[in-house]
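Here are my notes on the model, as numbered points. Please read them with the structure open.

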Amino acid sequence: EKNLEVLQKQRLEFEEVLARRLREQEDNLSRQANAIIQSKEQSIQSVVEDAAKAQTAEHEAELKDMRDRFQREIGAKHESEFGAKLAEEKASFLKELEQKVNTIEELVGRLQKVEQLLKISKDFESGSQRAHRVSASVLALASKLETSDGAAEEFSSLKSAAIENGVIASALSKIPSSVKKGIPTVTELQARFDKVYSATRKAAYVPENRPGLDGQIAGAIFSSLALPPSPDALADAQSESKLSSAALADFILSRAKNYVSLGDMEMAVEELEKLKGQAAFTAKDWKQSALDRVAVEKALGVIKMECAILNKNMSG
């Protein structure tokens with residue numbers, strides 16, 4: 001037993017270290033991604049600004065050179081020659097300008113593609129971080145729910161991490177509020193059922209017209225004298241209808257006990273729902289704990305499956 005406690009303690013410590021490392025890895029990934037994106041954005045902006053400035057300066061220098069050349073030629077050549085030269089220079093300038101415009105448009109297209117790639121990368125990093133946070137929260141909640149300890153902090157953490165995931169949010173809504181204080185495990189429910197089984201049998205055999213202490217004593221005596229039936233003794237409703245309420249409750253408890261021993265809490269609860277009167281009241285608390293455990297296991301199964309799908313999508 002001491003070794004088991006040590007192993008459990010080591011497992012909890014390992015899970016805490018794992019969760020802490022996952023959080024550290026998330027922070028590092030986030031900082032690295034933000035730094036890379038910021039650096040790329042600054043680099044692209046700088047290239048565009050430098051290209052625009054260089055293009056403007058080049059155009060201004062070319063225009064100035066052309067104006068000076070034209071002014072010198074006006075004084076040396078006739079008006080017709082000047083007109084022809086001017087038309088030629090204009091055509092050359094327009095052609096060159098068209099080439100430069102095409103170059104700028106090509107650069108703009110490349111810039112848009114780079115921005116699209118950056119957006120895809122950023123979305124992927126963001127999705128990956130969310131998946132890591134959800135996985136870490138699911139691991140923490142699943143580990144805590146393997147025990148009967150309260151899981152209020154882990155429940156709130158997963159609810160916050162998976163706020164955009166409708167499947168997980170829906171599954172969390174099915175988990176009963178008792179998870180915050182703790183829900184008995186299947187093993188604990190099995191251990192507790194022996195006392196519940198004995199007490200409920202006694203309650204079932206209490207005579208209806210003797211509700212007091214003497215009735216409880218009579219119920220204890222009658223239940224001790226009656227042999228517990230086999231869970232497979234009755235197979236149809238017609239046979240059950242011929243039994244007294246105490247004998248029928250005994251058969252119900254036998255079937256429930258069999259399901260409990262198999263770990264099938266859902267079927268055990270289904271049987272206990274058939275109890276009536278004092279027997280139903282006696283088994284009520286255990287039945288509610290079992291219902292809570294069944295709800296938790298179902299919700300946890302859905303959450304784990306959705307988490308696996310998230311991780312597969314991010315890795316694929």
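1. Arg69 and Asp65 both sit in helix H1, four residues apart, or about one turn of the helix. The two form a salt bridge in this predicted model, with the closest N and O atoms 2.8 Å apart. Arg69 is partly exposed at 22% relative accessible area, and Asp65 is partly exposed at 43%. An α-helix has 3.6 residues a turn, so residues three or four places apart point the same way.

2. A second pair in helix H1 (residues 2-76) has that spacing too: Asp68 and Lys64 are four residues apart, which separates them by about one helical turn. Their side chains meet in a salt bridge, at 3.4 Å from N to O. Asp68 is partly exposed, with a relative accessibility of 28%; Lys64 is partly exposed as well, at 49%. Side chains of opposite charge can pair when their charged atoms come close.

3. Asp250 has a relative accessible area of 3% and is buried. Arg201, at 8%, counts as buried too. The cut-off for buried is under 20% relative accessible area, so both residues qualify.

4. Elsewhere, salt bridges that share partners join Arg11, Glu15 and Glu146 into one network. In total, the structure holds 15 salt bridges; those described in this note are examples.

5. How do helices H8 and H9 run relative to each other? The axes of H8 (residues 245-261) and H9 (residues 265-272) come within 8 Å and cross at roughly 170°. An angle over 145 degrees counts as roughly antiparallel, and H8 and H9 are therefore roughly antiparallel to each other. On the H8 side the contact is made by Ile252, Leu253, Arg255, Ala256, Tyr259 and Val260. H9 contributes Met265, Met267, Ala268, Glu271 and Leu272. By class, the residues of this contact divide into nine nonpolar, no polar and two charged.

6. Which residues of helix H3 (residues 152-161) are buried? They are Glu154, Phe155 and Leu158. Seen down the axis of H3, the buried residues fall within an arc of 100°, so they line one face of the helix. On the other side of H3, Glu153, Lys159 and Ser160 are exposed.

7. Ile168, Ala171 and Leu172 are its buried residues. Looking down the axis of H4, these buried residues fall within an arc of 100°, so they line one face of the helix. The face turned away from the buried side carries Gly166, Ser173 and Lys174, which are exposed.

Methods. Residues numbered from 1 in each chain as written. Predicted model: local features only at pLDDT ≥ 70, side-chain atom pairs only at ≥ 80, totals over all residues. Heavy atoms only, no water. Buried < 20%, exposed > 50% of the residue type's maximum accessible area, 1.4 Å probe, protein only. Helix = DSSP H or I, 4+ residues; strand = E, 2+ residues; numbered from the N terminus. Arc of directions from axis to C-beta. Axes fitted to C-alpha atoms, helices over the stretch in contact; angles between N-to-C directions. Parallel < 35°, antiparallel > 145°, perpendicular 65-115°, else oblique. Contact = heavy atoms within 4.5 Å. Nonpolar A, V, L, I, M, F, W, Y, C, P; charged D, E, K, R; others polar. Salt bridge = Lys/Arg side-chain N within 4 Å of Asp/Glu carboxyl O.
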